[in-house]
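Welcome to my notebook. I opened the model and looked up a few things one by one.

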Amino acid sequence: MESDEELMAAVARGDERALGILVERHTPRLHAHLTRMTGSGDDAEDLLQETWLRVARGARSFQEGRPVRPWLFGIASNLARDFHRRRSVRRHVRHDASPGQTPPGARPLETIALRDRVRRLPDRLREILWLRFYEGFTEAEMAEALGIPRGTVKSRLHGAIRELKRGWEGRG
Amino acid sequence: MSCEAVQEELTERLLTPGAPGPEHWDPALRTHVQACTACAGHVQFLRALTTSLASAGAAALAPAHIAQSRARAVRALRAHRPSRAFGRELVGAVVVLALGLPLAVAQAWLIAQGAAALLEPLLPEAVLIALGVFYAGTFLLMVGTLYAFVPLWVAAVRRARMEVP
């Protein structure tokens, strides 16, 4: 199987097949990320299309050897942030698309309360937590995706954990 | 190992979906967690958090939407690929503008002649010449700018046409 980087190098040369493979490989996860960030499946679909348009438009200037997945998520995250900025009244960000999915053995109230606390985190902290947990991004990949130093990634991740833990410890 | 370092390490390990269990941890880390209430509490918190995050389902995406994304992206890629068609369209646009150039020059000349006739009795010759130079310079600058934007304009129109389904 060709790596993302090999495919992107081919896309930069105008290879439509390589672009198609990248779209099919990454669209579901990008969509999930955008749905979490925008809180709406419909808005996520629009931003997803825009993400791939930007990839296609910027393919020729893509720096060879650069990791592709963080770049893709970086484009998607930027679009989602712009989307929020354009909407002066921010929508209620939905963190959970299906509330009845508490795993067996978990305490439902605790799960819901923590989910709610994650939802109330500042965007910059929540985004880091999502990229780490759902996408399995390393510090370096998150730094690449968000265009911030690794130290900032680390401090934001631990800041998010501290914030959530404070609320969790204070639960009745 | 300090509690802070242990908790950072635990965060790194436990926030990874499908991460290996405590039996695969470094013995020093395991021993610390067994002996330290604060760090054991951190493990408990991280487990609750990952359970909560894992329980959040993502909305499903219709396969048709993936196909649509793919088709639009491919169209955009084609639109941004250098091609001979772009050259042809550029030449076409330049020819159309060049055909209009004599008209623009003639109009500018008439305006200059009219203005000169009006201002001749009022202004000294040196001032008239200076105004004429300024007028000609402005005209040339405008025409030059217009022509400089032609390739950008042709490219933008072409890309927009190709990207639209």
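I call a residue buried if 20 or more other C-beta atoms lie within 10 Å of its own, exposed if 12 or fewer, and partly exposed in between, with C-beta atoms placed from the backbone. This is a predicted model, where local features need pLDDT of at least 70, side-chain atom pairs count only at pLDDT 80 or more, and totals for chains, interfaces and linings use all residues. Residues are numbered from 1 along each chain as its sequence is written, while chains are lettered from A and ligands numbered from 1 in the order in which they are written.

**Helix α4 of chain B.** Helices are DSSP runs (H or I, at least four residues), numbered from the N terminus.

Which residues of α4(B) are buried? I found S69(B), A73(B), A76(B), L77(B) and A79(B). An α-helix has 3.6 residues a turn, so residues three or four places apart point the same way. On the other side of α4(B), I noted P63(B) and A64(B) as exposed.

**V95(B).** I found V95(B) in helix α5 of chain B, residues 84-119. Is V95(B) buried or exposed? V95(B) counts as exposed, because it has 10 C-beta neighbours inside 10 Å.

Conventions: Helix = DSSP H or I, 4+ residues; strand = E, 2+ residues; numbered from the N terminus.
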